[in-house]
Amino acid sequence: MTYKTAGGFCVLAGALVFTVSLAGEDWRQFRGSNSNSSAGDSRIPLEWSENNNVAWRTPIPGKGASGPIVVGHRIFVTRSGGIKQNRLYVLCVDARTGRQLWRRDFWATGRTYTHPSSSVAAPTPASDGKRVVAFFSSNDLVCLDLEGNLLWYRGLALDFDKAGNDVGMSSSPTIAGNVVVVQAENQGNSFATGIDIRTGEQLWETTRGGRANWASPIVIEGPSGQPAVLMQSPTGVTAYEAETGKILWEMDLACGTIPSPTLAGDLILLNSNGLTALRVTKGKAKPEIAWTSNRLGMNGASPVVHEGKVYVLSGSIAKCADLETGELEWQVRLTGRFWASPIVAGGHVYFINQDGEAQIVSIGTTGTLVAENAFGEVVQGTPAVSGDAMFVCTDKHIWKITE
Amino acid sequence: MDKRMTDHKYPTAIILALALAMASSQILVAKDVPDHIAAIRAVGKRAKGHAAAIRAWQSLSQLPATSLPEVLAGMDGANDLAVNWLRSAADTITQRHLEAKKTLPIKQLEDFISDTSHHPRARRTAYEIIVLVDEGAHDRIIPGLLNDPSLELRRDAVSHAIAQSLAVPGTAAAIESFRHALRGARDLDQIEAITKHIRDRGGEVNLQEQFGFLLDWSLVGPFDNSERRGFDQAYPPEVELDLTHTYKGKDGDVSWRTHTTEDEYGTVDLNVVMGKHKGAICYAHTIFYSADKRSVELRLGCINGNKVWLNGKLLTSNHVYHASTSIDQYIAKGEIKKGRNEILLKVAQNEQTEDWAQRWQFQLRVCDQYGTAIRGGERP
């Protein structure tokens, strides 16, 4: 189905599915192209060390809590630098060699204060396969092509006065068709906006709740099959039409402010009363609650979905539950504090704590901690997977882990 | 002509024609540079001017490296958005030339840095381009920039001066060398590092004076801020300032009291001075005597909701509670008069629903655009 927008461009409904199937081995946004952190059958090594299964590691400047993304053989990374963290960097690294292909520098136009452990470069960038969009805690939004040519630059803090969060903001942008969507919720001023990725011009904006919220939006399908964007906050969950910002449905469901929503087939998983699953039914105006489990609460990391199971981190306990019922199936105690969301690849879940200790759990009828590897560096961003390689940003390097 | 070229499947005439076309297109591009820069300088809020700027950027990014000083000069007087567009054009030009192993106009870029009338970020960009290919540039350029208008270049110069001071023999000479570095320093971490070096050697540093914190205050409160509704309610002190007046406060009558903070960082701890209160407002007033009329920045650190007035004019309003704080957290630009200036603060505490949300405090200083302390004079 196609339809014409006021802007005069056509969009194929179901573009999300189309994009994902083309994405193949790309990892185009926070938690992957499907926003579910699953890398399917990718075979990532269970063990690595300096001389074993580390294809390369490349130094990266400044600070960053963002994760890498992968488009073709290019990896994109954001960082911030300078004593006031007002220097913003977008880097492109060759996935095959680790060589830096280009770096672009900017100065923040919004607030750059963060908690000492965080960074202005906390949101993970996003790509539509042709362009890269980098968003920063300062509300600076940069769009570049894959070669590093600037397409446009927006300073959203200039447009939305008082939008800033001195703890640091980490909501990652997402892309629905030709619309970049960002969600920025702070005490001073909160907004969400849809921006035409081709021009940087604003298609819509809406006011959001006035509490700090670090969760990221995800792309879903609207009731009429149109591309939509889902946002959660402590006051509820709302689905917006991606092209217009029109509210398609909303539910009065108090959600957490750090873990992000996850799409799993016809289910939407939300950090609400532990974990709540909404079921989307074609033809119905809004989803219905399928199940709620207060045993599946989360702190920092977002849920991971793979082959009928959902995996969460409750503190440092990894839990597996049945996706259809929410019934807890097994749990494994890990160690450390986690900011990075886990990823699933090749029958294992990879959990990496903030001290850079990767704890790998095999998945089946039970979960077993089968391997541990230390990066020896701080890890805050969610890893990316492409092919049989995992890319991890630490506080000092980007690493390629592969056989 | 090289035989390989004449053997090529494309005739020589076509190759020459293409070369001519490329050369003439480059001339056209160069001629249009001022227009392209003007298009980029026109970008503004809400994507204003994007369509023209996108086209202009594509042309600018194709310029030869000899055009870098002109592209960077485009930042002079430009807004922050345009500066970023131009920075990426300069980086793209530089990358293309480095990949083609072509030379960069180092001498012209160095001359550009020497001209302090250029935008600080343009000069910083020129420096960062130079150091990509010239390892000796740091030692040649940086040491002379201790008082530079570019705070990024100045920071490097202060780091250099600290390193030099560490190697100075003799306590007195080392202290004097560190004091020289301190006069250039504007960043908190560098000021603290230098202060430690001086104090470790027996010297003294008055951080209150170094930063220019305002220490003497008149305070009144608490007024009601239940459910944060008091933040936008104009209580009497912000309607008509009278330091002799008694007002109806949250828990009874309140009147002004004086307080001088002894904190090294100028922090006024309202929990100590006013007592602990939930959902409360405090007003703080001070007088700043200036020798001249001038532009200033009032730099506030405050973890609570706050408003700042200068001579009755509201300069900034931040309804944010317990989201971190630091020196210079909020920077408000204003104009001070020659002589007496009235500064009024409103500091709002919320209802502290989280146990860690206890602090109720502020620190304020008056600075120039570089963060240099402007110290108030004595009452004439």
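Chain B of this predicted model splits into domain 1 (32-134), domain 2 (151-205) and domain 3 (211-367), with bounds taken from an automatic or database domain assignment. The C-alpha centres of domain 2 and domain 3 of chain B sit 33 Å apart. Residues are numbered from 1 along each chain as its sequence is written, while chains are lettered from A and ligands numbered from 1 in the order in which they are written. Because the model is predicted, local features need pLDDT of at least 70 and side-chain atom pairs count only at pLDDT 80 or more, whereas totals for chains, interfaces and linings use all residues.

On confidence, pLDDT is the predictor's own score for each residue, from 0 to 100. Chain B averages 92, and 91% of its residues score at least 70. Over residues 1-10 of chain B the pLDDT falls below 50, and this stretch has five contacts in the model beyond near neighbours in sequence; a contact here is a pair of residues whose C-beta atoms, placed from the backbone, lie within 7 Å. Residues 20-25 of chain B are also below 50, with zero such contacts. For the complex, the predictor gives an ipTM of 0.92 and a pTM of 0.91.

Now for the interface: 29 residues of chain A meet 30 residues of chain B. On the chain A side, the elements giving two or more residues are β7 (100-107), β11 (150-155) and α2 (156-159). Helices (H or I, at least four residues) and strands (E, at least two) are DSSP runs, numbered from the N terminus. The largest share of that side, six residues, is down to β11(A). By class, the chain A side has 12 nonpolar, 11 polar and six charged residues, where Ala, Val, Leu, Ile, Met, Phe, Trp, Tyr, Cys and Pro count as nonpolar, Asp, Glu, Lys and Arg as charged, and the others, Gly among them, as polar.

Back in chain B, helices α10 (residues 151-166) and α11 (residues 171-184) have axes that come within 9 Å and cross at roughly 175°. Those axes are lines fitted to C-alpha atoms, for helices over the stretch in contact, with angles running from 0 to 180 degrees between N-to-C directions. The contact as a whole has seven nonpolar, five polar and one charged residues.

Elsewhere in chain B, helix α3 (residues 33-41) has His36(B), Ile37(B), Ala39(B), Ile40(B) and Arg41(B) buried. Buried takes 20 or more other C-beta atoms within 10 Å of a residue's own, exposed 12 or fewer, and partly exposed lies in between, with C-beta atoms placed from the backbone. The cover over these residues of α3(B) includes α4 (50-60) and α6 (80-99) of chain B.

Most residues other than glycine have a negative phi, and most peptide bonds are trans. The bond from Gly221(B) to Pro222(B), however, is cis, with omega near 5°, and Pro222(B) belongs to strand β1 (residues 216-224) of chain B. Asn273(A), not a glycine, has a positive phi of about 50°; Asn273(A) lies in the loop between β21 (267-270) and β22 (275-279) of chain A. Ser324(B), likewise not a glycine, has a positive phi of about 75° and is found in the loop between β9 (313-318) and β10 (330-336) of chain B.

Note on methods. Contact = placed C-beta atoms within 7 Å.
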